[in-house]
Amino acid sequence: MQPATQAWLFAAGRLLATVVFGAGAGWLFGNLWLGLACALALHLTWMLVYLFRLEWWLRHRNYADPPDVGGVWGEIIAQVVRLHRRKRFHKQRFVQLMRQLQRSTAALPDGVVILNAQREIVWFNRMAARLLNLRRTGDLGMRIEHLVRAPEFVRYLAAGDFANPVVVRTATGEDGFLSLQVAPYGDGQLLLLVRDVSRQIRLEAVRRDFVANASHELRSPLTVISGYLETLAADPVLDAELQGPIAEMRRQAERMTAIIRDLIELSRLEETDEVVGGEPVDVAALASLLRKDVLARPVHPRDVRLRIESAAQLLGDEPEIHSAFSNLVDNAAKYTPAEGSIEIRWWTDADGAHFAVTDTGMGVPAEHIPRLTERFYRVDAGRSRATGGSGLGLAIVKHVLQRHGATLEVESTLGSGSTFTCHFPPERILPVARAAAATA
Amino acid sequence: METADLSHHISRRFNEDLERVRSKVLGMGGFVEQQLRKAITALVEGDSSLGESVALDDHQVNNMEVMIDEECSKILATRAPAAGDLRVIVAIIKTITDLERIGDEGEKIGYIASRLATMERPADKYREIKHLGRVVSEMVHDALDAFARMDVESALRVARQDRLVDEEYEAIQRQSITFMMEDPRTIRRALDVMWVVRALERIGDHAKNISEYVIYMVHGKDIRHTSLDDVERELRSPANGAQPPA
């Protein structure tokens with residue numbers, strides 16, 4: 001038998017005994033009902049006392065021990081104690097979990113800020129407080145852009161395009177840089193990650209300066225070498241067996257000059273920010289100029305077509321645009337055999353303006369396409385060395401396009417040719433009417 | 001019941017309007033802060049194109065001021081705010097004026113920086129200006145923080161800092177005079193430098209003004225032309241402490 005059932009039987013027995021005893025005593029003294037009533041009243045009082053003890057203990061259960069009673073009351077108390085203990089156990093587990101979570105986020109080397117849909121601060125960790133100068137008390141519920149006021153960040157937040165982080169200068173103290181990245185989650189909530197990138201930015205600057213300086217320093221000795229090689233090649237008394245090597249040396253010196261020229265151009269592109277505004281560039285005229293350049297090559301594809309479908313002009317930096325487009329056209333010319341064809345296309349639509357160069361060359365294997373714009377990336381080692389490229393052409397294209405808010409798309413089928421397309425956003429187009437007014 | 005709902009509705013709309021204007025003010029503040037830092041960097045590092053871009057971008061600050069000013073007028077006309085709300089609007093109108101002036105001073109520094117970049121740089125590489133520039137930009141930053149947080153304590157601290165800027169200004173002035181006497185060929189450069197230091201000192205004053213508006217906004221006390229110690233004593237007195245911040 002279970003102890004609870006036992007206790008209930010015992011309680012029922014006791015009630016029965018009380019009734020029998022009361023009735024018996026009453027009958028003895030001649031008043032059965034009075035005796036019964038007295039006995040029941042006693043039983044009720046006794047019950048009330050237990051009820052009081054139970055209630056008192058429940059009220060003070062945090063520091064008082066449970067009353068030591070048996071029977072049904074004892075069973076009830078035991079149940080309550082069990083419930084209580086289980087609840088406390090769960091609560092402790094949650095508190096522990098919370099504390100662990102909090103401690104781990106606090107230990108994160110990056111700052112974390114949680115924002116609600118109104119961009120108000122809900123929570124942040126210690127690192128975020130340090131990096132963004134937030135205060136534990138009072139800053140909760142404030143809008144983030146009221147305290148992090150860097151214009152780049154405010155624009156980034158307003159634009160709502162959180163694919164890439166935004167880098168801002170630290171507001172106070174030593175010159176530093178913070179990288180801020182927003183990750184939306186849940187119901188319009190935002191997670192803001194803050195990283196101190198001062199070291200990376202400084203290293204990057206050092207690297208850039210190094211490349212720029214090294215390129216400049218290499219240029220002057222190379223000019224001397226090229227100069228002497230030219231004189232040597234033109235020397236009529238040169239040994240016949242030296243002519244081959246000297247011609248090769250001249251070719252390589254030219255290649256080196258091209259590499260250095262491109263490196264200097266790249267570091268110049270990296271040094272400055274996005275091109276704002278810019279001059280109108282006549283793409284149609286530029287394209288026909290590039291076509292003539294191709295036809296002027298000693299070996300060139302027979303068919304070089306122009307498909308100019310728009311008279312719209314492009315707003316940008318003319319020399320840069322020229323450099324990017326001529327790199328694309330040069331590449332096409334280099335990799336397309338004489339019997340192949342090149343098509344240069346310029347058109348506008350709702351998405352903006354597009355400049356595409358299509359060739360019928362050997363094509364690029366798909367796995368190489370994502371890495372084509374890396375510096376000195378070679379699809380295969382022999383290929384571009386033979387054609388004398390610097391290996392920096394597409395890197396320059398990428399940088400120029402980036403500075404104009406444009407993107408490069410590459411489509412290629414191995415063996416049948418490639419298409420390189422530059423997509424410019426609509427705000428870079430000078431519409432025809434305005435272009436006509438500008439030239440008038 | 002209906003009127004209560006309506007007034008609630010109106011006050012909510014009003015709060016949104018107010019919050020939007022406050023955001024714009026702080027956005028303008030952020031831009032001005034950046035302009036100032038860029039101008040100082042341009043000067044210290046001799047970057048003439050950066051200095052030029054600061055001078056060219058100043059019109060954006062002016063546009064922001066006009067826009068916020070218009071919005072404030074609209075709020076005053078349509079909502080007729082009273083008490084604390086009115087103080088906020090008044091403080092905003094004054095704050096943007098000071099921010100615009102800071103922008104103008106920044107423009108001046110940027111312009112001078114682009115001119116000085118072509119000249120020979122002094123041996124100390126404008127160390128004093130760099131230091132003063134940092135103090136002043138931090139003052140502007142802290143004043144705007146105080147504005148965002150409605151934080152009287154920080155505002156008072158900014159207001160106190162102005163004295164330090166004034167002292168520094170005096171010191172650089174004395175030093176420049178010494179340089180000019182030692183070598184008259186540097187007078188042209190030293191005069192330009194004096195303009196920059198003067199501009200920085202003015203920016204410090206504007207930052208102080210902004211922090212004074214914060215105190216006005218929160219406590220409804222105009223503390224201009226009052227000694228700071230008196231202000232602090234008054235704000236800390238129990239009679240005032242009981243007054244809830246607006």
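**Helices, strands and a chain contact in a predicted model**

Ala233(A) is partly exposed, because 14 other C-beta atoms lie within 10 Å; the count uses C-beta atoms placed from the backbone, and a residue is buried with 20 or more others within 10 Å of its own, exposed with 12 or fewer, and partly exposed in between. The model is predicted, so local features need pLDDT of at least 70 and side-chain atom pairs count only at pLDDT 80 or more, while totals for chains, interfaces and linings use all residues. Residues are numbered from 1 along each chain as its sequence is written, with chains lettered from A and ligands numbered from 1 in the order in which they are written.

Ala233(A) is found in helix H7 (residues 198-234) of chain A. Helices here are DSSP runs of H or I with at least four residues and strands are runs of E with at least two, numbered from the N terminus. Leaving aside neighbours within four places in sequence, Ala233(A) is in contact with Ile246(A), Ala247(A) and Arg250(A), where contact requires C-beta atoms, placed from the backbone, to lie within 7 Å. Between Ala233(A) and Ala247(A) the C-alpha to C-alpha distance is 7.0 Å, at a separation of 14 residues in sequence.

Chain A as a whole holds 13 helices and 13 strands, and 23% of its 440 residues count as buried. Of the contacts in chain A between residues at least 6 apart in sequence, 56% join residues at least 24 apart.

Five strands of chain A form an open antiparallel sheet in the order E2-E1-E5-E4-E3, two strands being paired if DSSP finds at least two bridges between them. Strand E2 (121-124) and strand E3 (166-169) of chain A are at the edges with a single partner strand each, so one side of each has no neighbour in the sheet. On average, neighbouring strands of this sheet are turned by 25 degrees against each other, direction ignored. Within the sheet, strand E1 (residues 111-115) and strand E5 (residues 189-196) of chain A run antiparallel and are joined by five bridges; Gly111(A) stands opposite Val194(A) in E5(A).

Another strand of interest is E8 (residues 313-316) of chain A. In a regular strand the side chains alternate between the two faces of the sheet. In E8(A), Gln313(A) and Leu315(A) point one way, Leu314(A) and Gly316(A) point the other way, and all are buried. Strand E6 (residues 279-281) of chain A pairs with E8(A) in the antiparallel sense over three bridges, with Leu315(A) as the bridge partner of Pro280(A). E8(A) also pairs with strand E13 (residues 429-430) of chain A, antiparallel over two bridges, and here Gln313(A) has Leu430(A) as its bridge partner.

In chain B, the axes of helix H3 (residues 83-116) and helix H6 (residues 187-219) come within 9 Å and cross at roughly 165 degrees. Axes are lines fitted to C-alpha atoms, for helices over the stretch in contact, and angles run from 0 to 180 degrees between N-to-C directions. H3(B) is therefore roughly antiparallel to H6(B), given that angles under 35 degrees count as roughly parallel, over 145 as roughly antiparallel, 65 to 115 as roughly perpendicular and the rest as oblique.

The contact between the chains takes 15 residues from chain B and 13 residues from chain A. On the side of chain B, helix H1 (2-45) and helix H4 (127-149) are the elements that give two or more residues, and H1(B) gives the most, with nine residues.

Notes. Two residues are in contact if their C-beta atoms, placed from the backbone, lie within 7 Å.
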